[in-house]
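I opened my notebook beside the viewer today and went looking for a few local details. Here is what I looked up, in the order I came to it.

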Amino acid sequence: MTEKMGSLRNFFLYKCLFALTFWNHVSLSVENELFTSVYNYFPEDGSDKKVKSLPLLYTNNHQSKANFDWVVIQNTTESLSLSEITNDNVKKLIALLSNFRQGSRLQNLTLTNMSVDWDSLIKIFQTVWHSSIEYFNVNSVTQLSDIKDQYFDYSGTSMKALTMKKVLITDLYFVQDDLYKIFAGMNIPALTIAESEMIHMLCPSSDSPFRYLNFSKNDLTDLLFQKCDKLIKLETLILQKNKFETLSKVSFMTSRMKSLKYLDMSNNLLSHDAPDVQCQWSESLTELDLSSNQLMDSVFECLPVNIKKLDLQNNQITSVPTEMAELKSLKELNLASNRLADLPGCGGFTSLEFLNIEMNLILTPSADFFQSCPRVRELQARENPFKCSCELQDFIRLERQSGGKLFGWPSAYVCVYPEDLRGTQLKDFHLTDLACNTTLLLVTALLLTLVLVGVVAFLCIYLDVPWYVRMTWQWTQTKRRAWHNHPEEQERVLQFHAFISYSEHDSLWVKNELIPNLEKGEGCVQLCQHERNFVPGKSIVENIINCIEKSYKSIFVLSPNFVQSEWCHYELYFAHHKLFSGNSNSLILILLEPIPPYIIPARYHKLKALMAKRTYLEWPKERSKHALFWANLRAAISINLPMADGNRCGEMD
């Protein structure tokens with residue numbers, strides 16, 4: 001057995017070394033083991049391992065023989081990669097590929113760095129078309145020239161997918177249809193032509209078997225496949241990074257694609273500025289990628305009605321219109337990187353389960369989102385400039401109650417505004433219920449206001465504040481009139497030793513005891529009494545003020561009758577005002593009769609305060625003490641007054 005294996009190895013080495021006259025470098029991959037030596041191609045242990053990949057670097061060697069036996073490669077290799085293909089070695093390449101007839105193990109072929117003319121490329125394609133190859137990849141065709149009409153036999157192929165990338169056409173003058181009809185007529189399920197500056201593609205002339213088309217990174221425009229009804233089996237169409245501009249024309253393009261499920265129009269120049277144009281999408285379309293375009297809010301007027309997954313990321317959308325066609329089947333919606341100021345409602349998306357609104361301008365998401373979108377299972381809202389406020393706190397509270405649907409919570413959600421809370425995670429932000437509950441705050445403020453008003457009203461009534469305000473106003477007005485009418489009298493001299501304030505019920509004691517004993521006794525005492533000294537024509541208030549200001553002292557005869565007199569209260573108020581504005585010892589209180597505290601009205605708080613703080617003279621009932629009483633009273637009002645012309649002690653003014 002060992003001798004047989006050695007003999008077979010020598011035979012195989014001979015064949016592989018013969019192949020080296022064609023190839024500059026050979027490397028073999030056997031079940032993830034890389035062999036850089038042709039000698040190691042055949043396993044020493046005699047196992048049944050198969051060669052699955054054979055990358056080869058093609059060189060131009062005139063000593064090679066075209067009749068090389070490729071039986072081993074045919075029967076063991078599934079993938080073959082060749083590079084550096086030129087017009088000079090195309091015949092050898094075709095001779096090589098001709099050995100891989102249908103039934104061979106070779107299924108994947110990759111050609112890289114090709115510099116051939118159109119005729120050579122068609123011959124290579126034609127050879128591949130009638131081989132065992134199912135997946136054909138062409139990368140970097142740098143000099144495709146001499147394009148002209150060619151016949152192509154599509155029959156009897158094993159091909160399933162053709163991928164061409166970076167095709168550079170150097171021919172400046174050719175008929176476009178001669179180029180595009182070769183690809184449009186291909187009878188394979190999948191075709192990719194990418195990164196090739198392709199500007200157009202023909203509609204197939206008959207019903208096409210295409211299920212997958214990828215024309216990404218080209219220069220295609222809105223003219224592509226307009227009124228094309230031959231792509232009836234097409235399920236996936238990728239047109240990203242082209243130059244499409246009008247969304248409605250894209251919809252018309254798909255309207256006749258009866259089987260289309262997925263459409264990628266990302267990274268184009270799409271907009272929808274014609275709201276009066278009715279869009280017509282394929283009814284079978286369920287997944288649509290419109291990311292990275294120039295779409296605004298009007299895009300929601302031009303969407304497939306049966307769409308299930310919609311990507312509108314990186315556009316210029318500011319809001320989702322409330323009045324829009326209902327997308328009942330929509331389950332996934334991506335609105336990341338737009339200009340949304342709030343979460344969209346689900347009025348038009350009744351089946352929505354996944355929503356992405358990351359990187360928008362949302363400050364305070366609406367708290368009613370989870371109520372309006374009960375089927376949403378995941379909400380992605382990271383990287384928004386959240387403003388930590390009551391509204392945001394309500395949203396967070398409802399989110400927690402909904403079962404934690406925020407993706408990336410809590411680390412990816414932080415406050416941006418206000419400045420003092422920047423960087424604070426939303427989970428750590430809290431405000432009191434009173435600060436956030438407007439109704440509770442208003443009720444509390446209203447109650448406090450009512451309490452305050454009630455307290456002020458009670459104090460006003462209890463302390464007779466309106467009465468004091470009225471008296472202050474009258475006193476101010478009287479002083480103002482006096483200033484305007486007699487400015488020369490503002491610096492008045494004292495004319496009386498004392499002004500007497502008393503109740504009419506106590507007038508007999510004042511006239512029979514007080515006045516006679518003070519004015520007719522020792523010294524020259526002049527008393528001001530309202531009956532003698534009030535000036536006719538002036539108001540009572542003005543007379544009271546004038547008399548008090550012209551008197552050195554103010555004598556108040558206190559009794560139960562006094563506290564019942566309104567005018568006595570006036571006189572006490574103005575005298576007390578003088579007490580604070582001028583002479584601090586200007587008041588003399590004579591208690592004619594005891595006054596029980598309970599009979600003093602609440603508004604007479606000044607009288608209560610004076611009686612509590614100031615010493616008063618009490619009229620003695622014993623006659624033996626009267627002389628001392630009058631002596632003390634004369635001493636209290638004793639002052640030298642300038643005598644007015646015609647006035648004498650004891651006489652009325």
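I began with Pro-418, which sits in the loop between strand 19 (415-417) and helix 9 (433-436). This is a predicted model, so I am reading computed geometry throughout. I checked the peptide bond from Tyr-417 to Pro-418 and found it cis, with omega near -10 degrees.

Next I turned to backbone angles. Which phi does Asn-267 have? The value is about 60 degrees, positive although Asn-267 is not a glycine. I placed Asn-267 in the loop between strand 12 (262-264) and strand 13 (287-289). Its relative accessible area is 32%, so I noted Asn-267 as partly exposed.

Asn-314 lies in the loop between strand 14 (309-311) and strand 15 (332-334). With 38% relative accessibility, Asn-314 also counts as partly exposed.

Then I moved on to strand 22 (residues 551-558). How many of its eight residues are buried? I have seven written down, so the strand is mostly covered, buried here being under 20% relative accessible area.

I followed the pairing of strand 22 in both directions. Strand 20 (residues 496-501) runs parallel to strand 22, and five bridges join them. Here I found Phe-499 opposite Ser-554 of strand 22. Strand 23 (residues 587-591) is also parallel to strand 22 and is joined to it by five bridges. In that pairing, Leu-558 has Leu-591 of strand 23 as its bridge partner.

My last stop was helix 18 (residues 626-637). Its twelve residues reach 17 Å from first C-alpha to last, close to the 16 Å expected at 1.5 Å a residue. Which residues of helix 18 are buried? I listed His-626, Phe-629, Trp-630, Leu-633 and Ile-637. Looking down the helix axis, I saw that these buried residues fall within an arc of 95 degrees, so they line one face of helix 18. A reminder to myself: an α-helix has 3.6 residues a turn, so residues three or four places apart point the same way. On the other side of helix 18, Ala-627, Leu-628 and Ala-635 are exposed.

What covers the buried residues of helix 18? My list includes strands 20, 22 and 23 from the entries above, along with helix 12 (507-519), strand 21 (527-528) and strand 24 (617-618).

Notes
Residues are numbered from 1 along each chain as its sequence is written. This is a predicted model: local features need pLDDT of at least 70, side-chain atom pairs count only at pLDDT 80 or more; totals for chains, interfaces and linings use all residues. Side-chain values use heavy atoms; hydrogens and water are left out. Helices (H or I, at least four residues) and strands (E, at least two) are DSSP runs, numbered from the N terminus. Buried means under 20% relative accessible area, exposed over 50%, partly exposed in between (1.4 Å probe, protein chains only). Two strands pair if DSSP finds at least two bridges between them. The expected span of a helix is 1.5 Å times one less than its number of residues. The arc is that of the directions from the helix axis to the C-beta atoms. Contact means heavy atoms within 4.5 Å.
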